[in-house]
Amino acid sequence: MSKATQDAQCIVPRHVAIIMDGNNRWAKKLFLPGVAGHKAGVDAVRAVVEVCAEAGVEVLTLFAFSSENWQRPAAEVGALMELFLVALRRESKKLDQNGIRLRIIGDRSRFHPELQAAMQEAEQRTAHHSKFLLQVAANYGGQWDIVQAAQQLARSVQAGELQPDDISAERLQNCLSTASQPLPDLCIRTGGERRISNFLLWQLAYSELYFSSLFWPDFKHQAMRDALADFSSRQRRFGKTSEQVAAEERTPCSNNE
């Protein structure tokens, strides 16, 4: 049986979100500068995108740079911005060639105008693709996302378009930066940490969590397949009993590689 056939028999998450952690520690372990870990992490991104696209995942959201990461040493932040700019220009061409749409979420106002322009250009280059969405969270924070959604609703109330009692969870969710996508089914964090660090706080309410001890540069094809196989083995109840959802579940696939 081919790998593609095996994947088709798995319960595949529609939306996978990943906190890419451990680049600095990976570099330190090899006595390399921190930026070397971030560069190596680009290869892991390619591997994970390949596996998710082949498995039938619709949306992959990667936590690339948090709103708290500005607190890191200025030299590291500068190197990250340069790497981001280079990667956008280079990888957007490959994404376009492979039918992958790129979307960037977060507050772009703090980025250099050249980087903002590169983001817009990369998004426009791939905007016509619809099969697979790669969503990159940059200068993103879950609290920021909820606040900006609340501000949108407050402006609607101020303009007389809504009454306060009209505000619901659904309306707020529709104002989040991920409003047009399905909620994440699976959230992965690498690097051995077990927290979500202000990532997609609203959206992850019912996500399955998967923690890997691997540093992000080491999280490649097989590690991603292992995470998908683990997800496939879980029963998602959403407040129901296991008996209520048992009939809706398919048999979990095994990971034979």
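Tyrosine 140 is buried, at 0% relative accessible area; buried means under 20%, exposed over 50%, partly exposed in between, with a 1.4 Å probe and protein chains only. This is a predicted model: local features need pLDDT of at least 70, side-chain atom pairs count only at pLDDT 80 or more, and totals for chains, interfaces and linings use all residues. Residues are numbered from 1 along each chain as its sequence is written, and side-chain values use heavy atoms, without hydrogens and water.

Now the rings. The structure holds 8 aromatic pairs. Rings of Phe, Tyr and Trp (its six-membered ring) pair if their centres lie within 6.5 Å; planes under 30 degrees apart are stacked, over 60 edge-to-face, the rest tilted. Phenylalanine 65 is buried at 4%. Tryptophan 70 is buried too, at 18%.

Back to tyrosine 140. Its ring centre is 5.9 Å from that of tryptophan 144, and the planes meet at 75°, so this pair is edge-to-face. Tryptophan 144 is partly exposed, at 28%. Phe63, Tyr140, Trp144 and Phe199 form one aromatic cluster.

Next, asparagine 198. Where is asparagine 198? In the loop between strand E5 (186-189) and strand E6 (208-211); strands are DSSP runs of at least two residues, numbered from the N terminus. Asparagine 198 is buried, at 14%. Beyond four places in sequence, its contacts (heavy atoms within 4.5 Å) include Phe63, Glu68 and Tyr140.

Methods:
Helices (H or I, at least four residues) and strands (E, at least two) are DSSP runs, numbered from the N terminus.
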